[in-house]
Amino acid sequence: MRRRDFIKLLGVASSASVATSCGLTPENSQKLIPYLVPPDREIIPGKGMFLSTTCTECPVHCGISVQVRDKVIQNRHRQVPIKIEGLPGHPINDGRLCIRGQAALHRLYHAERFKQPMRREGDGQFAPISWEEAYQVILQHMAKVKSDQRKIGYLSGRTTGALAELMDSFCTHVGVEKLPEYEPLFPASVVNASFALFGRKELPEYRIDRCDFLLSVGADLLETFGNPVQNSRRIAAQRKKGTFRWVHLEPHVSLTGLNATQRLTPKPDSEWAVIAYLLQRVHQSGRAKKTLPGSVLQEVPQLSIEKVEELTGIPKEKLQHLEESFFASDRPLTIAGGVSTASQNGAFLAALTGLLQWATGQVGATVDYTTAVDYSSVGSAAAMESWLKELDQGRIGVLFISRCNPVGTAPQSWQLHHRLKKADLVVGLADLPDETTALCDIILPVSHSLESWGEVSPRKDVASVLQPVLDPIYETRTEGDILLDLYRLELGAAETVDYREYVQKRWRKASSSRDLPTLMQQGYYSVSAEKRPVRLRETRAANLLRSARPQEKTEAAIVYFPPSLRFYDGRSRRLPLLQEIPDPLSSVSYGRWIAVSVATAKRLGIRDRDELRLGIGEWETQIAARIQPGLPEGVFVVYRDQLDAYPVHHLNPAGEPLSFLSGARLEKTGARVALPILSGSTSDHERGIIAHFKEEKESKHEPQVQMYEPHEHKVYRWAMAIDLEACTGCSACVAACYQENNIPLVGKEEHVRGREMAWIRIEPYYTGEEAEFLPMMCQQCDNAPCEPVCPVYATYHNPEGLNAQIYNRCVGTRYCSNNCPYKARRFNWFDHEWPEPLSWGLNPDVSLRNRGVMEKCTFCVHRIRSAKDAARDEDRLVLDGEVVPACAQTCPADAIVFGNLLDPESRVAKLARSGRAYHVLEELNTQPAVTYLSPHKKEGE
Amino acid sequence: MAVKRWIVPSIFFVFLSGLALVLLGQNLLWKRVYRQPEQPIAFSHEIHVGKLNLKCTTCHTTVEKSIRAGVPAVATCMSCHKAVAADRPQVQKLREFWEKKEPIPWEKIHNLPPHVYFSHKRHIQAGIDCATCHGEVRVMPEIRQVRSLKMGWCVDCHRAKAAPLDCYTCHK
Amino acid sequence: MEFLDRLILYPSQEHLVLIRVLVVLLFALHFSFLASYLGGASFSLLFFLRNWREENGNDWHVARELGTSPLFRINVVLLLGILPLFTQFLFYIQVYHETDFRVFAYGRIVLLLALIGFALLQQYSSRLKKDATPGVATWLTGAAGIGLLVVAVFLYVNVEALALFPEKWPFVHRIVPVFVVENVLPRFLLITSLSFAFASGFYLFLYFGWEKRSAEQREWNYLRKILSFAGTLFSLVTPLFLVWHFYTAPPFALSAGAFLFGAATVFLFFVVAILFYNLYQQGKGLSTGRPAWLFVSMLMVVIAVGVHAEGLRDRASREHQKLLALKAAEEHARIAEIREERLAAAQKVDGETIFNQVCATCHRFDSRLVGPPLQEVLPRYRGKEAELISFILSPTRKNPDYPPMPNPGLKKFEAGAVVEYLMKQIP
């Protein structure tokens, strides 16, 4: 008799056998809801529908393809987005997406979103009102203000495309003054310089893919500067070529710096000296492709290399090495930006950099103004101050503030929360509450871009399409519709065109040849940007250099306030997913901290998680300490988004607020802070977890004896290759994984207990000043240590080489995770809640895990399943590259390759055979299916 | 003596009536577990499939091309029932739903646990007859579950048909 | 025996009902016979042993009496033992016609074993008749016979139980390994204990109710005690197994009625138990009325159990039986149609009335209702009336804009008439 029969016999007597012998128990009795009328675009149940639109999490505006699923919500069919991916072929990001883009759904489904218009009552509390009422109030105030000859101001974040056009005509017709647009991360110095030098109020596109030597100064290319997705993609591509060298100068430490081939840390605000030196050397050595006019050249300070060494503190021989490699290359690209230009000498640095680009003949080659980003409508902080004065004099009666948070991000010293009260009525157009909306009198809830029609132009030669992927969840309207409504009500215009029609009319004009559906699918169309050649404007250049003379003072105890990878300028800091994912440098997830250099920490006896009192001038705050390798002595870093207000007030000549404060006072309060630091250690303790590439690859260990029967894989063995040379640690994969696999957000307390749930994590491993970032997930071992210890056979090796985890079979003994050397398994300590509407975004292909169940990466087995399904329909095998896990799909650096190891021609098989291939903890003979490609050693300080 | 004569029979009685009670209790349990839920409209497959010979795919349109068979839209029902049998009470119920613009909240009979991935398409393409799992609906005045739909049963069939037995085939 | 499948005709609705009744009756008949037959044999073997222990002719006498009772006449065995078994299988074959439940595949084994078992027991009984002092061999033959029959019964129970699980039919192809479903064990125990109870009842009736033996003689008194005790015991145990059997029956086969019926049966058992107990209590002066009552109520119990079992089986394969009935109906309809057509040839059917009754619900000539306006579609068929007729008889979806046309269920000649009428209507 078989075992099961025997158990049956035992079970016979139990009454349970009736209760369970049929699926129909009241618990799982469900409703079956039909459509009322079948939807016009045919939806295949269980299959995603992909709609093209544009990401609006930051002004870069990547094209995205949103997976929409048909779900039954409150007994109605509804199409809702469950996952966002980069839109292939889009000129901005070509199919890839950053961590913030991946998290966009958490804004759409955010619990705190404004659900209807609100008005501040006498007691300062907000009370919901109807749209009509809101409009009435606004119109009344506008009428009054107009009658007594005062202004109506319209302040918005950077606005482009259709909305910009509409806004202009609205302002002119309704008599509203459009204030200069406000972008906290506006690189004023750089744009200002390129205006002075080349007459362009633009940020050029830096064609890293065309250069062979990259010198970046302060520009955080991988976090926020320019187009991070594009940058990291191009850098990775260049690296694969091998000959590419990248030197990064930064006074602090950033993800970008740690990824550069060589990272040099000059003294704060002394970067200009290096560029000035290179500039004059270019001319002296006669290597200049375009010689600079004397009038300009004489404004460039003449520095000996010793002088540069003294100013910057960078040793002479490094400078010489830099100089050599700079001259060795024939297409050296220099980029200045970020914290280096947002500084006292930043304007000067930017100007010098422009000149160097010009002199090395890169303007028009690697510095491309034909595809530049137009910043003409964005105002510097200086420009902002000018209208604030008007506000003080009460000359601005009504103030619209749209899509920006000046109170939270502008210099604290501006006292915005007092000065905004000067206006009779402040109208906020926003989706989430922030410091600014807290001060508004009327709040008009703006639809999320996934609920909106629209068009933006990320670059002056590209117009990107926005189309709604779901009906608005709440009573929100798009900004375009709000403007049109006000326009109509104010001027009593008869024609009732809504923003959708407005935009589509524009598209028909723009792409008369192409019909709308294809345009919607493609997601963008190119507009003809003027191509007049760039020429140097001598006098203006000279004037700029003269006006922005550098100061040669060196300051001490400097705290930098750079923007962060996760929260940009702070606009994303309310998104739960981004808080859950740790910052790759410090691997801290929740909370605020100050990065302290190793030396300083030793000097002041500071340990991680010590609470520090940070004071600068009269400004003071309590903040946790996190020791940051690679940070120079006397320099500290606090991400600007971790502060409620921007403490810096001083502006540089270009009118850009400085990115740092000097003279910081730092002392321990003695208290400890529960700061969730997720990585166990900042170093791999020479265990070869990061195996740097050596030409002669000696195998670290003898091939070991097999204790178990080797698994035989017949058709597929799924495997992954991760190129550590390409990986920048940008953590986009982590966000993608969370969204794809319904991974719960457990919050700070659980993180402090070390109970994070991420299936894939970025481990930073520091060796001295350098760092490598290692994406770690379940290695799908062939000799998996977790498998033999599972008492209930919930985890096992499946015929396709996956280390399967059957959730409903798991009883949560946690032996498997104890036995996993990669710490890749996660345990559900609780039943996690998915409140509406957050639950709408759940992926129906992945089951929710409940309390007491172990979970982990499955190589996105549901994607494998659907690919096999498709292949089966066509009676073929799955093609190489047909299965793409969420992490690989989004990786901007294309570092992750997935495929079938049994197919010798597959990309992954080739990489696994390559000389750089190695496995983490190879000596354990776990035979992982994940192969890492070892990175080249960084050159270091 | 008289008492003594009744002791044993009364023991019998108590024992047996105890058993009878157990049975009746069991009946309640069975009722609770195995109740056929009341459908909002008493739709008869017997008429539509048995008498009118409509194909399953006429209403369950996606059964051949997706994981779910799909329940017909109310509009689909109305396409015929505007005119056909419009006087019948059940059809009038349908009309009410249609006029109220409300979808019909059918009670789901064939439920699988949420962690199961089941593709109708695959099984249809493998030539499995609908009746294998749903029974002979053409003789069911009201649809009812006639298969346990339990894992053991699925596996039996997968074994017999040499279909894949890897857990990931069905578990998600 | 697969050829049987081919011989089967679809049983009509009434036919199926008849089968159900017959199955119950056969069960009652066959069961009571088999129970008494086996019971008698085993009791006789028992006394056989007693006889060896203390050598006095009396036990031996009883053993012989039991072993050579009228039940052991060869024609009785054939009539009540083998024929019903065979017939039951025939019925099942008919009921499970066109399913993947291969009744007879299992039936073969059961029948084979049963036949051998009967043969051996007949041998045993004839030995008892013939030689004055039968030896160990005889006893063993009897024992073997009983054993084989018990095995046969057990396998038979397997088949019966399997009938309750249609979802298992495609996947169980051999009876061995046994216990194809958890329902088997309680079923088997139910049957066995019931048969012992019945046997005791039967022999009490036979000897003390019918043949009026006096319980004065020691051995007869002993028999009475044994029988009534066994009876009491088993009639108390059987309900237990009945309840267990309910637990393990598949929910699809159960019904509220079944439970109530079960409860009623349990109370029947109470009556039986009391009667047995009485007979056990009463001393030598055994009143003759009681055994008769006992026997009657015993029979009722058996029938009740039979009805119950049949009820479950019937519910479990409800859909299939309906299907059979449906097909049968179609068969008859086909035959009837041929007849009618012959008649129709004689008198004319009116196409217009049929059209107004049937087609007009969906079709107008000039306008779209459910189906397309006939003016548009009909001209297509001019000259191709045959095609139109065949379409009406088995419609296929022609135009995606319209819902598919359901089968109007017209006879061929009626369709012909309608087409004729239609073709007249269009210019």
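These legends describe views of chains A and B in a predicted model.

**View 1. Confidence along chain A.** The mean pLDDT (the predictor's confidence in each residue, from 0 to 100) is 89 for chain A.

**View 2. Helices and strand of chain B.** Chain B carries eight helices and one strand. Both are DSSP runs, numbered from the N terminus: helices are H or I of at least four residues, strands E of at least two. Their order along the sequence is α-α-α-α-α-β-α-α-α.

**View 3. Dimensions of chain B.** The radius of gyration, taken over C-alpha atoms, is 24 Å. A compact globule of 172 residues would have a value near 16 Å, by the rule of 2.2 Å times the number of residues to the power 0.38. Along the principal axes, the C-alpha atoms of chain B fill a box of roughly 80 × 50 × 30 Å.

**View 4. Burial and charge in chain B.** Of its 172 residues, 40% are buried, meaning under 20% relative accessible area (1.4 Å probe, protein chains only). Chain B has 25 positive side chains (Lys and Arg) and 13 negative ones (Asp and Glu), with His and the chain ends not counted. The centres of the two sets lie 6 Å apart, with charges placed at NZ of Lys, CZ of Arg, CG of Asp or CD of Glu.

**Notes.** Residues are numbered from 1 along each chain as its sequence is written, and chains are lettered from A in the order in which they are written. In this predicted model, local features need pLDDT of at least 70, and totals for chains use all residues.

Note on methods: Side-chain values use heavy atoms; hydrogens and water are left out. Buried means under 20% relative accessible area, exposed over 50%, partly exposed in between (1.4 Å probe, protein chains only).
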